[in-house]
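Biologist: I would like to learn how to read strands and helix packing in a model, taking one feature at a time. Could we work through an example together?

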Amino acid sequence: MSAISTDALGKRYGSTWALRDCTLEIPAGSVTALVGPNGAGKTTLLKLAVGLTRPSFGAVEVLGLAPREDERELMPKVGFVAQDHPLHMGFTVAETLKLGQRLNPSWNDDIARTRIEHLRLPLDRKVGKLSGGQQAQVALTLALAKQPEVLLLDEPVASLDPLARREFLNSVLEAVAEHAMTVVLSSHIVTDLERVCDHLVILSESRAQLVGSIDEIVASHRLLTGPLADASDVARVHDVIRASHTKRQTSLLVRANGHVYDAKWELHEVDLEDIVLAYLGYGVAEYELEEVVR
Amino acid sequence: MIWLGWRQQRTETMIAAALLVLVALILVPSGIEMAHQYTRDGLSHCLGFTPSQACDEAVGSLEQRFNKFIDLIGWFNLVPGLFGVALAAPFALELERGTHRLAWTQSITRRRWVVTKLGLAVSSTVLAAAVLIGILIWWRAPLVRLDGRMDTGAFDSQGTVILGYSLFALGLALAVGAVWRRAIPAVMVAFVGYFVARIFTDTWLRQRLVTPHKLTWAAGRDDPRALWHAWKISETIVSINSHSGLPPMAECIRKGATNVKQCLAVNGGHLQAVFEPASNFWPLQLVETAMFGGVAIALIAFAGWWTLHRE
C-alpha cells in the first residue's frame with residue numbers, strides 16, 4: 001500500500017511549472033528522501049501533499065485521501081515541518097506545545113514533554129530566543145506529538161549546522177523506530193539522508209527522474225569505463241544515465257537491466273551520491289573517475 | 001483555536017484597552033465636572049426652545065469651560081480607526097510571517113482557522129467600539145440636552161456610527177492585509193482609507209443619505225422651531241422684495257439697522273435653511289452605520305475568502 005501517490009501531478013504558477021507530470025508512489029512505512037536541486041519542485045510536492053496548495057493538474061492522495069477535499073479527515077494523520085519551520089517567535093516553548101495540544105485531538109503530551117526535556121529546552125524560553133537547531137527540534141516535536149501516520153519534512157536540516165543536523169536526523173530515526181510511520185524528507189544534499197532513508201525520489205526540472213528503494217537503486221546502477229567508444233551498444237540493453245568522454249576513455253553510468261556482461265567494459269560499483277548527481281545532470285566528477293580507473 | 005487566537009492578538013487587545021483607558025482618563029473627570037455644573041446651574045430649566053438671558057449666560061459659561069474638551073473629542077474620531085487597524089494587525093502579521101501554515105498543518109481545517117481569527121477580531125472590535133460609545137455618550141449627555149446631537153462633531157460620537165466606523169477600519173485593514181501580506185503597510189493604508197472615508201462622509205455624503213428639510217422664513221422673525229437642535233447644512237438669503245441682492249450696508253444703517261439680519265428684515269428679506277431636523281438623528285445613524293457596517297462585512301468576507309483560496 002502506498003502512503004502517498006501522485007498521478008500526473010502538476011503545479012503551475014503563471015507560466016512557470018513548479019512541478020510537472022509527476023507520477024510516483026511512496027510506500028507506507030518507508031523513509032523516503034526527496035532529493036533535487038533548489039527549485040526542482042520538492043517544496044511544491046510536499047505542499048501539495050499537505051494541502052497547503054492545490055494542484056493545477058493531476059491528483060495527489062495521501063493515505064488514500066485528497067489533501068484539500070478531505071482536509072478534516074486527513075490533517076490529524078499528517079505531520080508537516082515546513083522549510084523555514086515557521087513558529088510563533090513570541091510564544092514560549094510551553095505555549096507552542098499548548099498550541100499543538102489545542103489544535104490536535106490526537107496530541108500526545110507525553111511525547112512532547114519527553115522530547116523537550118530530552119533536548120534540555122527550557123519551557124519558559126521564547127521560541128525566538130532558541131537557536132535554529134532548537135527551533136527545528138520544537139517544530140519536529142509539534143509534528144511528532146500529533147502522532148501522525150505520515151510525516152513530511154521539507155528541507156529540515158538545510159539551515160542547520162552539522163551537529164544540529166545530525167541530532168535532528170537522529171530524532172527522526174528514533175521517532176520512526178518507536179512509532180510506525182511513513183516519513184518523507186526533502187533535501188538538496190543526499191549525504192545527510194542516506195543514513196536515514198530507505199527510499200529515494202529524485203526530482204529535477206520539475207519532474208520525477210527516479211523513484212525506488214535505495215538498495216535496489218544502488219544495486220542496479222553501475223559505472224562502466226573503457227576505451228573511447230560509442231555507447232549505443234550498451235544503451236540498447238541498459239539505460240545510460242550519463243555518458244562522459246575524455247580523449248582516451250569513455251565512462252557510462254547505467255541503470256542495468258540484468259547483468260552487464262561485456263568484456264569491453266570495466267565494471268565499477270557506484271555510491272548513491274554519484275547516482276543522484278548523474279540524474280541531476282552533474283555527471284561524475286572527473287577526479288573521481290580517475291580514482292575509480294586507477 | 002480560540003486560545004490561540006487570543007494569544008496572538010494579546011498585544012493588540014492591550015493597545016485597544018490602553019486607548020480606552022486614555023480616553024476614559026481624559027473624559028471621566030471632566031464629564032463628572034460637567035454633569036455637576038449642569039445640575040448646579042440648573043441648566044435643566046434651559047432646555048426649551050426660547051431661552052432666557054440667564055440661561056444663555058449659564059449655557060455659555062458651561063460651553064466655554066469645556067470647550068477644549070469639545071475640541072478634543074474631534075481627535076477621538078481617530079480612535080475607532082485605531083481600534084480597527086490594530087485588531088486587524090494580528091491577521092496580516094500572521095500571513096506576513098507565514099505562521100498561518102503552522103496552524104493549517106495541525107488538525108483543524110483552514111476554514112475554521114479563518115472563521116475563528118476573523119470572528120475574534122470582529123468581536124473585540126465591537127466590544128472596544130461599544131465601550132467607547134458608552135464613554136462618549138455619557139460625557140456629552142449635558143451638552144446633547146442643551147444643543148442636540150445633530151452637529152457633525154456630536155453626531156460622529158453618538159449612537160451606533162462608531163460601531164460602523166470601527167468595523168470599516170477593521171475590514172479595510174484585513175482585506176488589504178490578506179492581499180498584501182504586509183502588516184505595517186496594510187495598517188497604514190487602511191488607516192488613511194478610513195480617514196478619507198470619514199472626511200468624505202462628514203463633508204459630502206451624510207447630507208445626501210436622508211433627504212434634508214427646507215424651510216423659508218422672514219428675516220426679522222426668530223428661527224423656526226423645526227431648526228431646534230437640527231443640523232443646519234446651509235442658510236441662504238432668498239426673495240428680497242425691492243431689488244435682487246443685498247442693499248448697501250450704508251443705506252441700511254441710515255435706516256437704523258445694526259447688523260445684516262436687521263438689514264434684511266428692514267428690506268423684507270427671507271432666509272432659507274436646508275437642514276436635518278433632530279428627528280432625523282436615528283434614521284441617519286442607522287443608514288450610516290449600515291453603510292459602513294455593510295462595506296465592512298463585505299471586506300471581512302473578502303479577506304477570509306481570499307486567504308482560503310489564494311494558496
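Biologist: How many bridges join β6(A) to strand β7 (residues 182-187) of chain A, and do the two run parallel or antiparallel?

Modeller: Bear in mind that this is a predicted model. Four bridges join β6(A) to β7(A), and the two strands run parallel; within this pairing, Leu152(A) stands opposite Val184(A). Strand β5 (residues 78-81) of chain A is likewise joined to β6(A) by four bridges, again in parallel, and here Phe80(A) is the residue opposite Leu152(A).

Biologist: Which way do the residues of strand β6 (residues 150-153) of chain A point, and are they buried or exposed?

Modeller: As a general idea, side chains in a regular strand alternate between the two faces of the sheet. In β6(A), Val150(A) and Leu152(A) point one way while Leu151(A) and Leu153(A) point the other way, and all of them are buried.

Biologist: Turning to chain B, at roughly what angle do the axes of helix α7 (residues 110-147) and helix α9 (residues 161-180) cross?

Modeller: A crossing angle over 145 degrees counts as roughly antiparallel. The axes of α7(B) and α9(B) come within 9 Å and cross at roughly 150°, and the two helices are therefore roughly antiparallel to each other. The crossing in which α7(B) passes α9(B) is right-handed.

Biologist: Which residues meet where α7(B) and α9(B) are in contact?

Modeller: From α7(B) they include Leu118(B), Val122(B), Ala129(B) and Ile133(B), and among those they meet in α9(B) are Ile162(B), Ser166(B) and Leu170(B). By class, this contact of α7(B) with α9(B) has 13 nonpolar, two polar and no charged residues.

Note on methods: Residues are numbered from 1 along each chain as its sequence is written. Chains are lettered from A and ligands numbered from 1 in the order in which they are written. This is a predicted model: local features need pLDDT of at least 70, side-chain atom pairs count only at pLDDT 80 or more; totals for chains, interfaces and linings use all residues. Axes are lines fitted to C-alpha atoms, for helices over the stretch in contact, and angles run from 0 to 180 degrees between N-to-C directions. Angles under 35 degrees count as roughly parallel, over 145 as roughly antiparallel, 65 to 115 as roughly perpendicular and the rest as oblique. A crossing is left-handed if the near helix is turned anticlockwise from the far one by less than a right angle, and right-handed if clockwise. Two residues are in contact if their C-beta atoms, placed from the backbone, lie within 7 Å. Ala, Val, Leu, Ile, Met, Phe, Trp, Tyr, Cys and Pro count as nonpolar, Asp, Glu, Lys and Arg as charged, and the others, Gly among them, as polar. A residue is buried if 20 or more other C-beta atoms lie within 10 Å of its own, exposed if 12 or fewer, and partly exposed in between; C-beta atoms are placed from the backbone. Two strands pair if DSSP finds at least two bridges between them.
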